[in-house]
Amino acid sequence: METRLAQCLGFFAIFSLVSTGMAPNKCSNFDVSLENCMKNYKQQLSGSQWTFYSGIFTERIRLLCGAYKNSVECINQLKTSCLTPSHGQLEMINRQLESQANMANMCNYDRFYEEYAMHQACISRQQDRSEACYDSYNTTYKEKAQRLTLATQGNVVAVKEWCGYIDVYMACVEQNLKTNCKSIKVKLVHILFEASLDPTSQTIQEKCKKSREEENVTTYAQDARNQQDKYAVKQAKRENQTEDKGHNGLSRPTLSHTLFTLIAILTMCLLS
């Protein structure tokens, strides 16, 4: 009787794990299982530049959000099935969920599809202007890679500086859509914008929110514009100095050659 009871309990335990999609050995291969949870979602993301503020079709966003929600559910089931996940496993789960926080804000936003569908055609017509905002930010992203690294490492000055660049980027998108799509809500624009940020910028954006709260400011955009103006002035000076050097380098030999020619002609005249 006891043997039969033990067999039944064992079968019930295995059935419970399988019914939730969690095989018994998933905790021992936790990182692989976690990656499998994200697989479909990542496949949906790949192959496209997801700038949601450019007018992506509503159904495509619906499919992506569906894949995202399935991934989150899978991760939560994985966490539950392991019963006592290690500290390292919990860290992996938290990193996965935190990296998708902006996607959660969009996919879980009340009446998102209704509001977005109402403005999708107008947003799409502004695509070129909105993409110009991205191009400007992407140029900064490449030119200031060292500052970006410092910001991701938590350097306070670099974080504040980079927050400004993100604020300028967002203000550019917001102004474009608010000007041309009159009734669109600012909150919807911000949600679309933040979901479009790359993972590194999303990480910094979270630091920005804390920094703004501590300093009681709403934006660092003006500081960033001042930095960009200073950078532009420095670049212009460097270019002018390069041109001057090139010009002076050519003019001196030309003048020397002219003087030498005149002296030679004068000498020939005197000797003749």
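Twelve aromatic pairs are counted in this predicted model, where rings of Phe, Tyr and Trp (its six-membered ring) are taken to pair if their centres lie within 6.5 Å, with planes under 30 degrees apart counted as stacked, over 60 as edge-to-face and the rest as tilted. The model is a prediction, in which local features need pLDDT of at least 70 and side-chain atom pairs count only at pLDDT 80 or more, while totals for chains, interfaces and linings use all residues. Residues are numbered from 1 along each chain as its sequence is written, and side-chain values use heavy atoms, with hydrogens and water left out.

Ring pairs join Tyr53, Tyr134, Tyr137, Tyr141, Trp162, Tyr165, Tyr169 and Phe193 into a cluster. Tyrosine 137 and tryptophan 162 form an edge-to-face pair, with 6.4 Å from centre to centre and 65 degrees between the planes. This pair links distant parts of the chain, since tyrosine 137 belongs to helix α7 (residues 127-143) and tryptophan 162 to helix α9 (residues 156-180), 25 residues apart; helices here are DSSP runs (H or I, at least four residues), numbered from the N terminus. Tyrosine 137 is buried, with a relative accessible area of 5%, and tryptophan 162 also counts as buried, at 0% relative accessibility, the term buried meaning under 20% relative accessible area (exposed is over 50%, partly exposed in between, with a 1.4 Å probe and protein chains only). Tyrosine 137 forms a stacked pair with tyrosine 169, at 4.7 Å centre to centre and 15 degrees between the planes. Because tyrosine 137 lies in helix α7 and tyrosine 169 in helix α9, this pair ties together parts that are 32 residues apart in sequence. Tyrosine 169 counts as buried at 5% relative accessibility.

Helix α9 also packs against α11, at an angle of about 105 degrees and with the axes 9 Å apart, where axes are lines fitted to C-alpha atoms, for helices over the stretch in contact, and angles run from 0 to 180 degrees between N-to-C directions. The two helices α9 and α11 are therefore roughly perpendicular, a term covering 65 to 115 degrees, whereas angles under 35 degrees count as roughly parallel, over 145 as roughly antiparallel and the rest as oblique. The contact (heavy atoms within 4.5 Å) includes Trp162 and Cys163 of α9 and Ile204 and Lys207 of α11.

Helix α8 (residues 145-152) and helix α11 (residues 199-215) have axes that come within 10 Å and cross at roughly 55 degrees, and α8 and α11 are therefore oblique to each other. Their contact is made by Leu148, Ala151 and Thr152 of α8 together with Thr200, Ile204 and Lys207 of α11.
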